[in-house]
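This briefing is intended for a reader who is new to the structure shown below. Please keep the sequence and the model at hand while reading the points that follow.

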Amino acid sequence: MAMTKERKNEIAYAVLKRQIIRTFPLRELTDANDIKKRIGQLAQEMGLPKEELLEFTGQIIGEILKETNEGIQKISFKR
């Protein structure tokens with residue numbers, strides 16, 4: 001059975017998010033100058049518009065931070 005392009009994209013996106021979570025320390029995700037430099041380099045290497053890559057990066061990092069915050073909200077300490 002052939003996988004649809006949409007399903008392949010869903011899987012690739014999930015793998016990418018997991019890789020970002022595992023490989024990028026939080027401090028690197030909050031350094032705007034570092035992110036700008038990385039986006040510029042990656043955009044050039046891949047032949048993508050910087051603006052599109054920046055928008056995509058903002059969306060995926062936003063999702064990761066939201067999911068992290070939701071997990072933090074579930075933490076409770078027993079006294």
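A nonpolar patch is made of residues with over 30% relative accessible area and no salt bridge, with nonpolar side chains joined within 5 Å. The model is predicted, and the mean pLDDT of the protein is 89.

**Confidence**
- A pLDDT of 70 or more is reached by 96% of the residues.
- Where pLDDT is low, predicted coordinates should not be read in detail.

**Surface patch**
- Met 3, Ile 11 and Val 15 make up a nonpolar patch on the surface, and together they have about 260 Å² of accessible area.
- Met 3 is located in the segment before H1, and its relative accessible area of 45% makes it partly exposed.

**Helix H4**
- Helix H4 (residues 50-73) contains 24 residues, and the distance from its first C-alpha to its last is 34 Å, close to the 34 Å expected at 1.5 Å a residue.
- The buried residues of H4 are Leu 53, Thr 57, Ile 60, Ile 61 and Ile 64.

- Lys 17 belongs to helix H1 and counts as buried because its relative accessibility is 11%, where buried means under 20%.
- Leaving aside residues up to four places away in sequence, Lys 17 touches Ile 60, Glu 63, Ile 64 and Glu 67.
- A salt bridge links Lys 17 with Glu 67, and their closest N and O atoms are 2.5 Å apart.
- Since Lys 17 lies in helix H1 and Glu 67 in helix H4, this pair ties together parts that are 50 residues apart in sequence.
- Glu 67 is partly exposed, at a relative accessible area of 40%.

**Salt bridges within helices**
- The count of salt bridges comes to 5.
- In helix H1, the side chains of Arg 7 and Glu 10 meet in a salt bridge of 3.0 Å, N to O; the two residues are 3 residues apart, or about one helical turn.
- Arg 7 is partly exposed at 42% relative accessibility, and Glu 10 is partly exposed at 39%.
- The side chains of Asp 34 and Arg 38 also form a salt bridge, at 2.9 Å from N to O.
- Asp 34 and Arg 38 are 4 residues apart in helix H3 (residues 32-46), so about one helical turn separates them.
- Asp 34 has a relative accessible area of 22% and Arg 38 has a relative accessibility of 34%; Asp 34 is partly exposed, and Arg 38 also counts as partly exposed.
- Salt bridges with shared partners join Lys 17, Glu 63 and Glu 67 into one network.

Conventions: Residues numbered from 1 in each chain as written. Predicted model: local features only at pLDDT ≥ 70, side-chain atom pairs only at ≥ 80, totals over all residues. Heavy atoms only, no water. pLDDT = per-residue confidence, 0-100. Patch = residues over 30% accessible without salt bridge, like charges linked within 9 Å, V, L, I, M, F, W, Y side chains within 5 Å. Areas by Shrake-Rupley, 256 points an atom, 1.4 Å probe, with all protein chains shown as cover. Salt bridge = Lys/Arg side-chain N within 4 Å of Asp/Glu carboxyl O. Buried < 20%, exposed > 50% of the residue type's maximum accessible area, 1.4 Å probe, protein only. Contact = heavy atoms within 4.5 Å. Expected span 1.5 Å × (residues − 1).
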